[in-house]
Amino acid sequence: MSQAAEPILAEQVADQAPPPSPSTSPGRPGLSDRARAERKLGWLLCAPAVLAMVAVTAYPIGYAVWLSLQRYDLRFPGERAFVGLRNYVDVLTAPLWWQDLATTVVITVASVVLELVFGMALALVMHRAIFGRRTVRASILVPYGIITVVAAFAWQFAFTPDLGFVNTWLGTDRAWLTERGTSFLVITLTEVWKTTPFMALLLLAGLAVVPDVLQQAAKVDGANAWQRFTKVTLPNMKAAVLVALLFRTLDAFRIFDTVFIQTRGANQTETVSILGYNQLINRLNLGIGSAVSVLMFALVVLIAFLFVKGFNTDLGQARGER
């Protein structure tokens with residue numbers, strides 16, 4: 001082929017090349033006009049929900065932060081003034097705050113650990129049930145459907161002398177809710193009974209994604225039931241376990257109803273939520289009460305961040321091992 005023919009062939013190839021797609025956006029490579037339109041439609045569809053969330057969430061949080069920067073006691077309305085971070089200093093330097101925080105942490109850790117153990121056992125029962133599977137699952141989930149206040153009253157009456165059945169069963173005449181240690185026991189048992197079905201439901205979803213072929217392979221290799229559970233089941237449902245722990249920890253850290261019904265914070269069982277309630281409702285101190293609420297909100301965000309951070313790390317390590 002002559003060199004003179006090469007430019008002619010090049011021009012023909014250039015003429016035959018397809019023109020650039022008119023639907024491609026010059027500003028964002030690879031994003032078509034249709035994709036941009038769909039994205040815009042998505043934002044428009046989400047806008048009402050976002051506005052509603054801002055109205056019912058962002059504004060109250062912002063207003064609580066603003067109140068926490070004020071000296072605002074409804075008993076002395078004329079003394080209202082901007083004090084900056086003074087309310088936070090007063091709360092964080094008060095022994096009552098740290099005592100209530102320790103109480104909240106103890107109840108949270110004890111209840112969540114027990115719920116994880118019992119929830120896993122119930123999830124295994126529901127997952128492996130052969131006969132009456134629907135009946136088993138429905139009966140296990142009944143406590144979770146009961147209102148928290150009703151459950152708190154039921155357990156309070158059960159441990160009340162001359163009214164409940166616990167002293168009769170144990171052959172004692174003990175006032176369980178008049179001592180700190182036994183009050184913690186009753187509160188924790190109430191929380192565990194009420195919310196273990198929720199933990200079991202989340203763990204059941206994790207068990208459903210564990211491949212049966214892995215269980216069979218481990219069984220063929222001679223692994224016993226405990227080895228299959230620890231080496232096969234748990235590693236493959238790690239994400240479900242972490243999600244269940246996250247939701248229950250956040251819920252348990254904000255415990256209010258059970259403690260308020262059974263002890264009202266007596267016997268040093270006052271939690272952070274009850275502390276904020278007492279400051280806002282009983283003492284009408286909006287400044288200090290708002291500071292307690294904002295600190296509690298910050299702790300909840302911190303707990304969520306730590307769980308999500310651990311969640312992402314564990315998933316990343318799991319993908320790397322594969």
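User: What is the mean pLDDT of the protein?

Analyst: The model is predicted. In it, 85% of the residues reach a pLDDT of 70 or more. The mean pLDDT of the protein is 82.

User: In which helix is confidence lowest?

Analyst: Over residues 1-14 pLDDT stays under 50, and the model has two contacts there beyond four places in sequence. Where pLDDT is low, the predicted coordinates should not be read in detail. Confidence is highest in helix H3 (residues 86-92), at 93. The lowest mean, 46, belongs to helix H1 (residues 5-16).

User: Is Tyr63 exposed or partly exposed?

Analyst: Tyr59 has a relative accessible area of 56% and is exposed. For Tyr63 the relative accessibility is 40%. Exposed requires over 50% and buried under 20%, so Tyr63 counts as partly exposed.

User: Over the ring of which residue does the charged end of Arg174 sit?

Analyst: Ring pairs link a cluster that includes Trp155, Phe159 and Trp193. Trp176 also belongs to that cluster. The charged end of Arg174 is 5.4 Å from the centre of the ring it sits over, that of Trp176.

Technical notes:
Residues are numbered from 1 along each chain as its sequence is written. This is a predicted model: local features need pLDDT of at least 70, side-chain atom pairs count only at pLDDT 80 or more; totals for chains, interfaces and linings use all residues. Side-chain values use heavy atoms; hydrogens and water are left out. pLDDT is the predictor's confidence in each residue, from 0 to 100. Helices (H or I, at least four residues) and strands (E, at least two) are DSSP runs, numbered from the N terminus. Contact means heavy atoms within 4.5 Å. Buried means under 20% relative accessible area, exposed over 50%, partly exposed in between (1.4 Å probe, protein chains only). Rings of Phe, Tyr and Trp (its six-membered ring) pair if their centres lie within 6.5 Å; planes under 30 degrees apart count as stacked, over 60 as edge-to-face and the rest as tilted. A charge sits over a ring if NZ of Lys or CZ of Arg is within 6 Å of the ring centre and within 35 degrees of the ring normal.
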